[in-house]
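Here is a short briefing to read with the model open beside you. Take it one topic at a time, and find each part on screen as you go.

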Amino acid sequence: MRHKAAPRTGVDWFLLVLKVAMFSVIGFGLFAFVLQQIDPNNWLAQQINDDATGLTADQFEGLIISGVSQGAMYGLIALGYSMVYGVLGFINFAHGEVFMVGAMTGMITSNKLLEAGAWESNFIASLLFIVMVAVVVSTLTAVVMERVAYRPLRGSPRLIPLITSIGISFFIQNVSVVLLGPGAKAYPDLPDWWTETQTIGFLEVQRTRLLVVVVAAVAMGALWYLVERTKTGKAMRAVAEDKEIASLMGINVNRIIVTTFAVGGAMAGVAGILWGIMFRSVVHTTGFLPGIKAFSAAVVGGIGNLGGAMAGGLTLGTAESVAPLLILEPLGVRGVSQLRDAVAFSALILVLLVKPTGLFGERLSADDRA
Amino acid sequence: MTDQTTATPLLEFRGVNTHYGAVHILKDVDLAIYPGELVCLLGGNASGKSTTLKTLLGMVTPTTGEVVLDGEVVNDKPTSYRVERGVTMVPENRRLFKRLSVKENLQLGAYLRTDKDGIERDLERIYEMFPRVKERLNQKSGTLSGGEQQMVAVGRALMAKPRVLLMDEPSMGLAPALVQTNFELIQQIHEEGVAIFMVEQNANMALSIADRGWVLQTGRVVLDDSADALLANPDLRASYLGDGKR
């Protein structure tokens with residue numbers, strides 16, 4: 001490693017400037033924000049943002065809660081990217097589509113339940129049911145994808161499955177258009193009780209958001225148990241590290257790879273339902289942006305690291321929810337709520353600038369990844 | 001030493017040829033490993049030693065010839081089939097799962113076994129054999145020293161309850177002081193009745209503990225004799241045991 005000896009190149013300088021610029025914007029924005037909270041009419045605000053009002057505690061709380069619940073969904077999707085990367089070493093860009101399939105399945109099933117009258121009368125059971133159906137369909141989608149598209153490419157350069165995954169992504173989107181049409185489709189309304197707020201200690205949370213966070217936490221917990229505490233999980237980690245030696249232990253590597261896709265698909269299915277419950281509208285492109293964000297989350301957390309995927313999701317979700325009003329608005333940027341996506345990807349760039357392996361990432365040396 | 005005229009070989013090559021693409025690697029190789037013996041395969045770089053091991057384990061399929069396990073031709077059987085029937089390898093450079101704990105590495109060795117009590121008993125046996133491993137059970141195996149990693153690698157292989165243990169360059173990458181300990185360990189395992197097939201560059205050391213040996217040269221077995229005879233063989237002395245090598 002000749003880290004120290006390497007001379008600085010133009011790229012290094014560019015990255016340094018970028019780093020300084022990003023931290024300056026954040027620092028200055030936060031400074032302006034603090035001033036604005038003390039006095040919305042301070043001198044600085046008059047110069048750059050004269051309609052500053054400051055945030056109330058309630059608003060701030062709302063931003064955090066919405067960020068966390070959104071982030072929990074990113075985290076759930078991110079797990080699929082991270083797991084597949086861990087085991088096969090490529091990014092499955094069609095994973096966002098698996099999430100969309102989950103959301104679509106939930107839409108169809110919940111509307112059927114509404115027609116049958118079960119949605120209103122027995123919401124919890126209905127919810128469990130649609131989660132189950134979505135998990136099954138998403139899991140199947142992911143498993144079929146592996147079998148049909150990726151397994152024949154095993155052993156080819158990593159760029160090839162990557163490009164293939166983009167192709168599959170388009171394919172699934174178009175299948176959705178053919179089957180369900182191009183328009184946005186709605187989830188049925190939730191029973192009123194769920195859209196009201198619930199007070200927990202000093203927090204007031206909309207029950208739907210609470211539901212999202214709780215379900216995501218349960219799914220995460222189940223996954224953690226599977227990976228860290230079961231024999232299959234041990235085999236998954238072994239395969240991720242060294243396929244040849246794993247097969248020497250008698251592990252059926254193909255079966256473990258299928259399991260990995262299945263588990264990732266199941267998590268995406270759960271996320272799809274949560275998305276539907278929260279935003280109540282799905283369209284064939286629904287998977288795209290959350291997919292890319294979740295991929296970013298996986299990278300932010302350190303790709304291949306499951307705890308990192310979840311942490312990355314929460315970080316990204318919170319950042320895109322909070323940063324526009326905390327950093328950009330006080331700087332006098334207009335229409336900040338439109339800038340969520342820009343903020344999310346800037347957060348990705350920032351993390352990579354400071355820690356290229358992601359928050360919890362380990363260095364992938366040639367030794368680790370032959 | 002087992003009486004070879006009556007016993008059936010545990011693991012056998014009958015006229016094995018392998019190709020890597022168009023390259024002919026193993027050429028008409030015949031080998032037989034009998035239950036409970038300690039044999040070694042010697043050879044320089046690119047002589048086909050690794051391919052021999054991979055073929056024994058089913059990671060490489062012979063183009064012609066037969067791999068025979070307990071009298072059954074296993075050419076098209078997967079690695080897991082052979083592991084289940086008692087063929088295990090300690091790979092070159094140990095190749096532990098570095099991010100998994102020591103205990104998890106050992107448990108993975110017993111992946112195909114279902115007898116929980118037996119697995120626990122064997123874990124205890126390994127702890128007795130390597131008290132230092134026991135102290136580091138919950139540590140990630142990548143943090144262990146080379147010697148400790150070797151113990152875990154051997155322990156992991158023993159967890160599969162092998163009848164024949166294939167060892168790929170067991171002294172490679174070990175400090176000189178550890179090489180001797182390592183060979184003593186191999187003898188100890190052998191004394192417990194496990195057959196050992198050792199691939200080594202350190203021919204002197206290997207032959208000093210082995211019963212028999214083969215010498216492989218560019219994919220062909222050129223010498224097949226008792227260890228004593230090989231040690232005395234002038235050709236071998238010239239090519240492997242001379243002062244030029246280590």
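In this predicted model, strand 9 (residues 164-168) of chain B runs parallel to strand 10 of chain B, and five bridges join the two. Strand 5 (residues 38-43) of chain B also pairs with strand 10 in the parallel sense, again over five bridges. Two strands count as paired if DSSP finds at least two bridges between them.

A note on reading the model: residues are numbered from 1 along each chain as its sequence is written, while chains are lettered from A and ligands numbered from 1 in the order in which they are written. Because this is a predicted model, local features need pLDDT of at least 70 and side-chain atom pairs count only at pLDDT 80 or more, whereas totals for chains, interfaces and linings use all residues.

**Strand 10 of chain B**
- Helices (H or I, at least four residues) and strands (E, at least two) are DSSP runs, numbered from the N terminus.
- B:L165 stands opposite B:I196 in strand 10, and B:V39 stands opposite B:F197.
- Six of the six residues of strand 10 (residues 195-200) are buried, meaning that 20 or more other C-beta atoms lie within 10 Å of a residue's own; 12 or fewer make it exposed, in between it is partly exposed, and C-beta atoms are placed from the backbone.
- Both faces are covered, with B:A195, B:F197 and B:V199 buried on one side and B:I196, B:M198 and B:E200 on the other.

**The open sheet of chain B**
- Four strands form an open sheet in the order 4-1-6-7, with antiparallel pairing.
- Strand 4 (29-33) and strand 7 (72-73) stand at the edges with a single partner strand each, so one side of each is left without a neighbour in the sheet.
- Strand 6 (residues 64-69) and strand 7 of chain B run antiparallel and are joined by two bridges.
- The bridge partner of B:L69 is B:E72 in strand 7.

**Two residues with positive phi**
- Most residues other than glycine have a negative phi.
- B:D28, in the loop between strand 3 (23-24) and strand 4 of chain B, has a positive phi near 45°.
- B:D28 counts as partly exposed because it has 14 C-beta neighbours inside 10 Å.
- B:D70, in the loop between strand 6 and strand 7 of chain B, has a positive phi of about 55° although it is not a glycine.
- With 15 other C-beta atoms within 10 Å, B:D70 is partly exposed.

**Helix 15 of chain A**
- Helix 15 (residues 340-354) has 15 residues and reaches 21 Å from its first C-alpha to its last, close to the 21 Å expected at 1.5 Å a residue; the expected span is 1.5 Å times one less than the number of residues.
- The buried residues of helix 15 include A:V343, A:A347 and A:V351.
- What covers the buried residues of this helix includes helix 13 (288-301) and helix 14 (306-328) of chain A.

**Where the chains touch**
- 13 residues of chain A are in contact with 18 residues of chain B, where contact means that C-beta atoms, placed from the backbone, lie within 7 Å.
- Helix 10 (231-241) and helix 11 (243-248) of chain A each supply at least two residues of the side of chain A that touches chain B.
- Helix 10 of chain A gives the largest share of that side, five residues.

Technical notes. Two residues are in contact if their C-beta atoms, placed from the backbone, lie within 7 Å.
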